[in-house]
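Biologist: Please take a close look at one part of this protein for me. I would like to see how one residue sits among its neighbours, and then what surrounds it.

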Amino acid sequence: MSHMVYPGAVHSRFEHSLGVYWLAGEAVQKLKIYQGLELGIDNFDIQTVKLAGLLHDVGHGPFSHLFEREFLPQVIIGSNWSHEQMSVKMIDHIVDVHCIDIDREMIKRVKVTTCTSVSNVFI
């Protein structure tokens, strides 16, 4: 129904992830400008935050939270599946299958961020 409220907008997971990537980048850039020396923010941190924003929802199933909260408990009794946990698995899968040469510490930080509510700040 959101298309009726915002008729010109797009509402896909893809656009959402690109928007979170951009917002996360803007937020961390502002932090670097105003508190970068104090917080020790460097380019590695900026790339990590942006990547976490881009990948934070990669583990969502079809129909997003409806799938996770309504469908799965009906099909798999006692399921504690979450899109955050699946996002971590998907990140590992993407890096491994496509032989992406990326710093292991960066991926570790991205996965930690994906599993916590920190990434939900940019939703």
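Modeller: Start at L51. Leaving aside its neighbours within four places in sequence, L51 is in contact with I102, M106, I107 and V110. Contact means heavy atoms within 4.5 Å.

A word on the source. This is a predicted model, in which local features need pLDDT of at least 70, side-chain atom pairs count only at pLDDT 80 or more, and totals for chains, interfaces and linings use all residues. Residues are numbered from 1 along each chain as its sequence is written, and side-chain values use heavy atoms, with hydrogens and water left out.

Now the core. L51 belongs to the largest nonpolar core, which has eight residues in all: L51, A52, L55, I91, V95, M106, I107 and V110. Such a core is a set of buried Ala, Val, Leu, Ile, Met, Phe, Trp, Tyr and Cys residues joined through side-chain atoms within 4.5 Å. Buried means under 20% relative accessible area, with a 1.4 Å probe and protein chains only. At least two residues of this core come from each of helix 3, helix 5 (83–97) and helix 6. Helices are DSSP runs (H or I, at least four residues), numbered from the N terminus.

Next, the helix pairs. Helix 3 (residues 43–55) and helix 6 (residues 104–115) have axes that come within 9 Å and cross at roughly 45 degrees. That makes helix 3 oblique to helix 6. Axes are lines fitted to C-alpha atoms over the stretch in contact, and angles run from 0 to 180 degrees between N-to-C directions. On the helix 3 side, the contact is made by F44, D45, Q47, T48, L51, A52 and L55. Helix 6 brings E105, M106, I107, R109, V110, T113 and T114. By class, this contact of helix 3 with helix 6 has seven nonpolar, four polar and three charged residues.

Helix 5 packs on helix 6 too. Their axes are 8 Å apart, at an angle of about 160 degrees. That makes helix 5 roughly antiparallel to helix 6. E84, S87, V88, I91, D92, V95 and D96 in helix 5 meet R104, I107, V110, K111, T114 and C115 in helix 6.

Finally, the setting. The protein has six helices and zero strands. Buried residues make up 30% of its 123 residues.

Note on methods
Angles under 35 degrees count as roughly parallel, over 145 as roughly antiparallel, 65 to 115 as roughly perpendicular and the rest as oblique. Ala, Val, Leu, Ile, Met, Phe, Trp, Tyr, Cys and Pro count as nonpolar, Asp, Glu, Lys and Arg as charged, and the others, Gly among them, as polar. Buried means under 20% relative accessible area, exposed over 50%, partly exposed in between (1.4 Å probe, protein chains only).
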